[in-house]
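Me: Please take a close look at a single part of the structure shown below. Then connect that part to the rest, one step at a time.

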Amino acid sequence: MVKDLSVNLCGITLDNPVIPASGTFGYGYEFAKFYDINMLGTFSFKGTTLSERFGNDTPRIAECALGMLNSVGLQNPGVYKVIAEELPELKKVFRKKVMANVSGFSIEEYVKVCELLDKVDEIGWLEVNISCPNVHGGGLSFGTSAISAAQVAGAVKKAVKKPVILKLSPNVSDITEIAKAVEDAGADGISLINTLVGMRIDLKTRKPVLNNITGGLSGPAVFPVALNMVYKASKAVKIPVVGMGGVSSAEDVLEMILAGATAVEVGAANLINPFACKEIIENLPAAMDKYGIKTLDEIRGKA
Amino acid sequence: MKVITAELNENAPIARNTYKAVFSCDTSGITNAGQFVNVQIDGLYLRRPFSVCDYDGNSLTLIYKVVGKGTEILSRAKKGDKFDMLTGLGNGYDLQNAGDMPLLIGGGVGVPPLYNLAKRLIKQGKSVSVALGFNTEKEVFFVEEFKNLGCRVFVATVDGSAGKKGFVIDALPEKYSYFYACGPTSMLKAVYDKTITDGEFSFEERMGCGFGACMGCSCKTLFGSKRVCKDGPVFKKGEILW
């Protein structure tokens with residue numbers, strides 16, 4: 001029997017809960033050369049700012065045990081080019097609503113970028129990233145205080161019609177405080193975790209591997225941390241939680257849903273295996289059967 | 001790009017810290033000289049990129065220097081070991097501009113991808129010169145292989161133990177129609193300054209995915225930011241911004 005994998009994320013139905021995470025899937029169309037990306041629940045496109053950004057100098061990738069550091073620093077062509085060039089390219093290969101990932105260096109920038117993307121039909125959700133660890137004076141600095149996180153959430157919500165999902169940082173002392181603050185400010189959902197701040201040192205040069213010194217840790221190494229934060233956050237708020245952090249298999253997706261996630265984003269795994277999300281979706285029914293799970297709704301938050 | 005499983009047939013040192021690995025595999029993903037493969041290595045999270053030295057219908061040759069954990073693990077791999085690879089990554093060299101007397105300039109582990117390029121250029125009837133730079137005689141490899149293809153070969157070593165004493169730019173022939181260079185960035189910069197014709201350069205960078213998704217290996221060019229893995233690794237002289 002064909003399993004119903006559908007989930008409802010902030011009023012929009014996804015055929016399945018699997019969403020490639022921002023920064024690991026570009027603007028989607030390049031993965032469409034590998035497989036039909038319409039099989040995805042949706043995907044979250046590359047973090048977009050008002051102006052074009054190159055990001056940090058290289059090296060901006062480092063190996064870690066069961067994971068990786070990146071310090072890309074929000075490289076993107078800027079929102080105007082995204083709307084004029086990237087999204088029309090995506091429209092040729094993707095029929096579903098896409099999740100727009102937005103970043104900024106001021107509340108005004110977040111609002112402006114969200115307003116522009118709010119007018120685009122193909123976009124279903126605005127995922128507002130207040131947790132990028134790789135830029136200075138923006139991103140993460142909004143996500144580590146409940147007050148500024150709520151300010152961003154409130155300002156964006158006032159300006160747009162589409163559902164707003166705040167992407168939260170694990171680099172905080174109490175994830176539930178931030179989660180509740182953005183919920184109170186009107187957020188329609190939260191997604192977590194962004195990457196954990198880390199560094200590596202090259203023994204040959206005795207200097208940090210990354211030009212930016214620090215980067216964001218992702219991959220299976222962070223999965224237990226992510227799962228715990230999703231578990232805590234989803235108990236603290238009533239709005240949907242999108243779980244992410246090291247998810248690499250159908251079993252990981254089920255753990256995230258048991259922890260309370262409505263849907264699940266997959267990040268680093270796409271970089272190791274371009275077919276990762278396709279395989280996770282294909283493996284999900286068998287994994288559910290193996291553990292006697294009939295529907296995803298019946299296990300959500302039951303851990 | 002293709003995802004394949006490659007079986008190791010041969011993995012032996014050919015110079016100091018330098019290994020030649022030959023795999024049996026589907027090579028149909030590889031379409032051009034200068035492309036690379038991204039190899040999953042047991043015990044490591046990220047794949048490791050290697051330039052393609054040579055290939056035919058069902059065999060792939062990589063030459064690598066042991067420089068870190070990934071290459072160290074690979075150097076211990078045995079005949080019959082299997083590797084998951086993404087093949088045919090990157091743009092590769094543009095053979096259209098070679099002219100009659102192309103010059104191939106390689107430094108150290110920048111030498112391998114020039115081999116398949118030389119093979120193609122010779123096949124097109126070009127008069128191919130190859131300038132190879134190494135640190136010392138013990139690290140020299142592939143001089144005979146290039147000669148056997150019919151190339152004129154010029155060698156330089158930093159300590160003068162083989163060929164001309166100096167860097168590869170000290171061993172360039174006087175006349176050539178176009179050049180193709182691969183090697184460490186400092187060498188490429190020197191080649192850029194010294195060469196008298198147009199040409200192209202193959203770059204190296206730490207990569208996340210190897211197929212254009214993560215933006216980990218971006219570089220700035222005169223025509224905006226480009227990804228070394230997808231828009232490169234080969235860039236034309238006229239677009240490079242040092």
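**A parallel sheet and its surroundings**

Reply: Strand β9 (residues 189–192) of chain A runs parallel to strand β14 (residues 241–244) of chain A, and 3 bridges join the two. Within this pair, A:Leu192 has A:Gly243 in β14(A) as its bridge partner. Two strands count as paired if DSSP finds at least two bridges between them. Strands (E, at least two residues) and helices (H or I, at least four) are DSSP runs, numbered from the N terminus.

The model is predicted: local features need pLDDT of at least 70, side-chain atom pairs count only at pLDDT 80 or more, and totals for chains, interfaces and linings use all residues. Residues are numbered from 1 along each chain as its sequence is written, while chains are lettered from A and ligands numbered from 1 in the order in which they are written.

β9(A) and β14(A) belong to an open sheet of 7 strands with parallel pairing, in the order β3-β15-β14-β9-β8-β7-β6 (chain A). Its edge strands are β3 (18–20) and β6 (98–102) of chain A, each of which pairs on one side only. From one strand to the next, the twist averages 25 degrees. Angles run from 0 to 180 degrees between N-to-C directions, and axes are lines fitted to C-alpha atoms, for helices over the stretch in contact.

Next come the helices on this sheet. α4(A) packs on the sheet and touches β7 (123–129) and β8 (164–167) of chain A, with its direction at about 160 degrees to that of β8(A). Helix α9 (residues 276–290) of chain A also packs on the sheet, where it touches β3 and β15 (263–266) of chain A, and its direction makes about 175 degrees with that of β3(A). Residues are in contact if their C-beta atoms, placed from the backbone, lie within 7 Å.

Helix α4 (residues 146–159) of chain A packs in turn with helix α2 (residues 107–118) of chain A, at an angle of about 35 degrees and with the axes 9 Å apart. The crossing of α2(A) with α4(A) is right-handed, meaning that the near helix is turned clockwise from the far one by less than a right angle. From α2(A) come A:Ile107, A:Tyr110, A:Val111, A:Cys114 and A:Glu115, which meet A:Gln151, A:Val152, A:Ala155, A:Val156 and A:Ala159 in α4(A). By class, the residues of this contact are 8 nonpolar, 1 polar and 1 charged. Here Ala, Val, Leu, Ile, Met, Phe, Trp, Tyr, Cys and Pro count as nonpolar, Asp, Glu, Lys and Arg as charged, and the others, Gly among them, as polar.

Chain A also holds an open sheet of 4 strands with antiparallel pairing, in the order β4-β5-β13-β10 (chain A). β4 (61–64) and β10 (196–198) of chain A stand at its edges; each has a single partner strand, so one side of each is left without a neighbour in the sheet. β4(A) pairs with strand β5 (residues 67–70) of chain A over 4 antiparallel bridges, and A:Cys64 has A:Gly67 in β5(A) as its bridge partner.

Chain A also touches chain B: 24 residues of chain A and 20 residues of chain B make up the contact. On the chain B side, strand β14 (residues 218–221) of chain B gives the most, with 3 residues. That side of chain B has 11 nonpolar, 5 polar and 4 charged residues.

Chain B is divided into domain 1 (2–89) and domain 2 (95–202), with bounds from an automatic or database domain assignment. The centres of these domains of chain B, taken over C-alpha atoms, are 22 Å apart. In the contact between them, 14 residues of domain 1 of chain B meet 14 residues of domain 2 of chain B. β1 (2–15), β5 (54–56) and β6 (59–65) of chain B each supply at least two residues of the domain 1 side, and β6(B) has the largest share, 3 residues.

β6(B) has pairings of its own. 3 antiparallel bridges join β5(B) to β6(B), and these two strands form a hairpin with 2 residues between them. In this pair, B:Asp56 stands opposite B:Ser59 in β6(B). Strand β2 (residues 18–24) of chain B pairs with β6(B) in the antiparallel sense over 7 bridges, with B:Thr18 opposite B:Lys65 in β6(B).

Definitions and conventions:
Contact = placed C-beta atoms within 7 Å.
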